[in-house]
Amino acid sequence: MTDQYRPSPARTLRRRDLLTRAAQMGVALPAMSALVAACGGSSGSSSSGGGSSAPPTGTAVLLNYDGWMGKDTIAEFKAKYPGADIKQASLSSISSGSIVPAIKANLSTYDAALGDVAAVGQGMAAGIIEPLDWSKIPNIANVDDKFRKGYPQGIPTDYGKTGIGYRADLVPEGITSWADVWNLAEKYSNKIVFTDLDRDCIGSALKYKGFSANTTDDGELQQALQALLDIKPHLQALKSYNIGAGLAKGSYVIAMDWDYDIALAQAENSNIKWVLPSEGATAYLEGFFAVKDTPQLGVLEEFFNFFLEPRQYADFVNTTGTAFVSNTATPYIKKSISGNPALIVDPATLANVEFENYLGEATATYNKIWDQFKSA
C-alpha cells in the first residue's frame, strides 16, 4: 500500500455481498464513461447554488458504491425537485487505489463522493472538500451527536463496528472480549477467522492491548503486531467478505467481523452471537461530502437534507441493511434491523466505539506492520 489512504476493494465487495445476500440489489450504476457522456459532467449543468431560496436546478454527480442508496430516494428527490437530479458514478470504476487522488485528478467530473473519516481527513489535507452551508441542511439535526461530531465535513450515512461473532452452541465458554478470543485461540485453533483489512485487524489488536485504534505510538503498535503474530498460527484464514456465512455453516466458530454481516448471518443461524468487546471496538464511519468548487452545491445541499429526512434515511437503511446513524428514523426502519443488538444505536454502544481516523504520516507504520503480519 503506497497511498496514505485507500478504500479497500474488499470493502466494496463486502457491500455488494451484503446487498446480494439481502436480495435488495437495484439496477447497476452506469459506467463512468457512459455517465459523463449522458450528463456532460458537472460543468454542463447549472445550479441555483447553496445561497438561493429557489428550488435547486442542475445535475450533480455522486461517486458512490453500487446500490448504496435507498431504492426510491433519488426518484423521489427528482419528483420533489423536477429541475434537479443526482447521477451516480460507481466507486468500483476507480482503479487508482485511492478515492482522493482520483477525485483530485477529476475535479470537474465529480460533485460529491462517499468516503469514510480517513478519506475525508486525506481530502481535507489535499484541499478537495467543499464546506457545506448547514443552514441549508437542517435535517443534520436528525443525526446522532457522536456521528455528527465524528464526520463534520459532510453528512454521515452509515458506520460499521468490527466486533466478534461466535457460535454459542460450539463455544460453550462464551465470549465477551478480545482477551477471550486470544485466550481461547489454542483450544479453537484453525476454527477462527479474522478480517483481511489492515485498519480493522490492527485496530482490534490495539483494543485488545488497551490502546487507541488510532495510536501513532510505535511501542503500542509493536505490541499489537506481536499480539497478531501470537494468534496467527491459530487462524484458519483472513477473509475480506462473506465472513458470517462461514459461521452459519460452522466452517469456523469464532470470527472478527462487522456488525451488519453478523446480523445477516444470525438470520441463517440463531446460534450466532454478536459481541461488542469489553475493551472496545474500532469502526469506520462514512458519509457524503461535497467536492471543492462544485457548481452543484445547491443541488447537493438540498439532496443531503432530503436524504436525512427520517423516511428517506430509513429507505437507505432498509435497502442496505447497514448499521444506522439516525435514531429519528427508527420508527420507519425494519424491526429486523432496528431491533438487532448488533446494529442498535445506543449511548452504551457508542461509548465503546472508536472511529478510524486519517493517520497521515503514521500510515507508513501501519502498512509496515500489516506487511509483517501477512508475511509471517
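Guide: Happy to! Helices (DSSP runs of H or I, at least four residues) and strands (runs of E, at least two) are numbered from the N terminus. The model is predicted, so local features need pLDDT of at least 70 and side-chain atom pairs count only at pLDDT 80 or more, while totals for chains, interfaces and linings use all residues. Residues are numbered from 1 along each chain as its sequence is written, and side-chain values use heavy atoms, with hydrogens and water left out.

Visitor: In which strand is Asp85 found?
Guide: The strand in question spans residues 84-90, and Asp85 belongs to that run. The strand is strand 2.

Visitor: Is Asp85 buried or exposed?
Guide: Buried means under 20% relative accessible area, exposed over 50%, and partly exposed in between (1.4 Å probe, protein chains only). Asp85 has 9% relative accessibility, so Asp85 counts as buried.

Visitor: Which residues is Asp85 in contact with, leaving aside its neighbours within four places in sequence?
Guide: Contact means heavy atoms within 4.5 Å. With those neighbours set aside, the partners of Asp85 are Gly58, Thr59, Ala60, Ile74, Phe77, Lys78 and Val299.

Visitor: Which backbone oxygen lies 2.8 Å from a polar atom of the side chain of Asn64?
Guide: Asn64 sits in strand 1 (residues 58-64) and is buried, at a relative accessible area of 0%. A polar contact is a pair of N or O atoms within 3.5 Å; within protein, one must be able to donate a hydrogen and the other to accept it, and residues adjacent in sequence count only if both atoms are side-chain atoms. The oxygen at 2.8 Å from the Asn64 side chain belongs to Trp68.

Visitor: How many aromatic pairs does a search of the whole structure find?
Guide: Rings of Phe, Tyr and Trp (its six-membered ring) pair if their centres lie within 6.5 Å; planes under 30 degrees apart count as stacked, over 60 as edge-to-face and the rest as tilted. Trp68 is in one aromatic cluster, whose members include Phe77, Tyr81 and Phe288. The number of aromatic pairs found in the whole structure is 19.

Visitor: Which residue in strand 10 is the bridge partner of Ala113?
Guide: Two strands pair if DSSP finds at least two bridges between them. Strand 3 and strand 10 (residues 281-291) run antiparallel and are joined by five bridges, whereas strand 1 and strand 3 run parallel with two. In strand 10, Ala113 has as its bridge partner Phe289.

Visitor: What is the phi of Asp293?
Guide: Most residues other than glycine have a negative phi. Asp293 lies in the loop between strand 10 and helix 12 (297-307), and counts as exposed at 59% relative accessibility. Although Asp293 is not a glycine, its phi is positive, at about 65°.

Visitor: Over which residues does pLDDT stay under 50?
Guide: pLDDT is the predictor's confidence in each residue, from 0 to 100, and the chain averages 86. Where pLDDT is low, the predicted coordinates should not be read in detail. The stretch that stays under 50 is residues 1-52.
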